[in-house]
Amino acid sequence: MTKPPAHRPPVPRRQLPKSLKELTPARHFNPRTFFRELVWKALLTRRTGEHKRPEFPKLKSGQVAVTWIGHASFLLQFTDLNVLVDPNFANWLFLLKRIKRSGLKISDLPPIDLVLLTHAHFDHFHKPTLRRLPHPKIGVMPWGVGDLAHDLGFARIVELDWWESFSNGQWAVTLTPGQHWGARTLHDHHRGYGGFILEHQGRRIYHAGDSAYFSGFKEIGRLFSPEVALLPIGAYHPESFRCVHMGPDEAVKAFQDLQSNWLVPMHYGTFKLAFEEMDEPPRWLRKLAHDQGISHKVRILDEGVPVVF
């Protein structure tokens with residue numbers, strides 16, 4: 001298997017904002033609409049869900065247990081490796097209210113060997129959560145993000161370019177391209193973003209991070225054919241959001257491009273980040289899967305409940 005050479009996308013030129021609209025997420029709408037749709041409506045919505053005391057399964061070599069914590073946060077477990085991806089246990093992100101509680105508590109996590117952070121956005125790289133983790137050994141993240149993690153308790157921080165891999169001899173992690181952006185603050189354009197392929201015990205798991213649909217999914221599928229694809233399906237309405245996010249329809253296309261066996265949806269139902277109803281993404285995904293005859297390949301997880309693949 002020959003991977004493309006490691007690289008990163010060009011850095012856009014810095015420009016001063018021309019209006020308040022440019023200070024809202026991805027410049028999609030004016031601040032008044034942002035506040036009404038994403039802040040005020042969420043404040044009026046009662047928080048649901050409950051923390052579950054997880055019953056982690058006893059695994060055999062080659063099995064992986066996938067636990068969805070909520071939003072884009074997952075715990076991936078092998079017999080000898082525990083991995084967190086984009087952990088976020090926050091009830092609030094500044095003004096944004098968490099609508100559904102995390103599926104488990106930080107105190108219920110097993111010892112964490114590896115943390116994968118797909119990009120620096122606050123809903124994926126949540127510093128208060130990372131500080132509370134019980135001293136994870138290794139943090140892997142895209143280029144330009146490591147300085148944010150230096151005081152968060154990691155024993156080692158690794159930055160990767162697209163298609164670059166890091167391995168400890170038993171497992172390997174590869175940063176894959178995405179169609180998103182990585183800035184944590186205004187014009188913070190030097191930070192990278194992407195998804196991760198995790199390879200261990202003959203298994204390949206793909207976490208897409210945040211991404212719009214793009215041709216790169218076919219390349220990832222050609223190189224890796226990950227068995228389990230964790231794909232975002234929320235924050236796609238209005239239509240302009242699709243330049244950085246996928247809806248269920250495009251997630252199904254990405255799943256087919258990836259040549260995966262199972263599609264596990266994420267990035268929905270936790271924070272109100274767009275205008276679609278909170279329960280619309282999984283409902284639409286179920287219909288698409290039924291219509292296309294792939295319902296047996298779609299695994300919609302309950303937060304806090306491990307599922308063995």
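Tutor: Here is a quick walk through the fold, one topic at a time.

Tutor: This is a predicted model, where local features need pLDDT of at least 70, side-chain atom pairs count only at pLDDT 80 or more, and totals for chains, interfaces and linings use all residues. Residues are numbered from 1 along each chain as its sequence is written, and side-chain values use heavy atoms, leaving out hydrogens and water.

Student: How many helices and strands in the chain?

Tutor: The chain has 5 helices and 15 strands. Both are DSSP runs, numbered from the N terminus: helices are H or I with at least four residues, strands E with at least two.

Student: What is the strand order in the open sheet of 7 strands?

Tutor: The order is 8-7-6-3-2-1-15, with mixed pairing. Strands pair if DSSP finds at least two bridges between them.

Student: Which are the edge strands?

Tutor: Strand 8 (156-160) and strand 15 (307-308), each pairing on one side only.

Student: And how does strand 7 join strand 8?

Tutor: Strand 7 (residues 138-142) runs parallel to strand 8, with 5 bridges. Isoleucine 138 stands opposite arginine 156 of strand 8.

Student: New topic. At what angle do helix 3 and helix 4 pack?

Tutor: About 30°, with the axes of helix 3 (residues 216-224) and helix 4 (residues 248-258) 7 Å apart. Axes are lines fitted to C-alpha atoms, for helices over the stretch in contact; angles run from 0 to 180 degrees between N-to-C directions.

Student: Which residues make the contact?

Tutor: Phe217, Lys218, Ile220 and Gly221 from helix 3 meet Ala254, Asp257 and Leu258 from helix 4. Contact means heavy atoms within 4.5 Å.

Student: How much of the chain is buried?

Tutor: Buried residues (under 20% relative accessible area, 1.4 Å probe, protein chains only) are 59% of the 309.

Key. Buried < 20%, exposed > 50% of the residue type's maximum accessible area, 1.4 Å probe, protein only.
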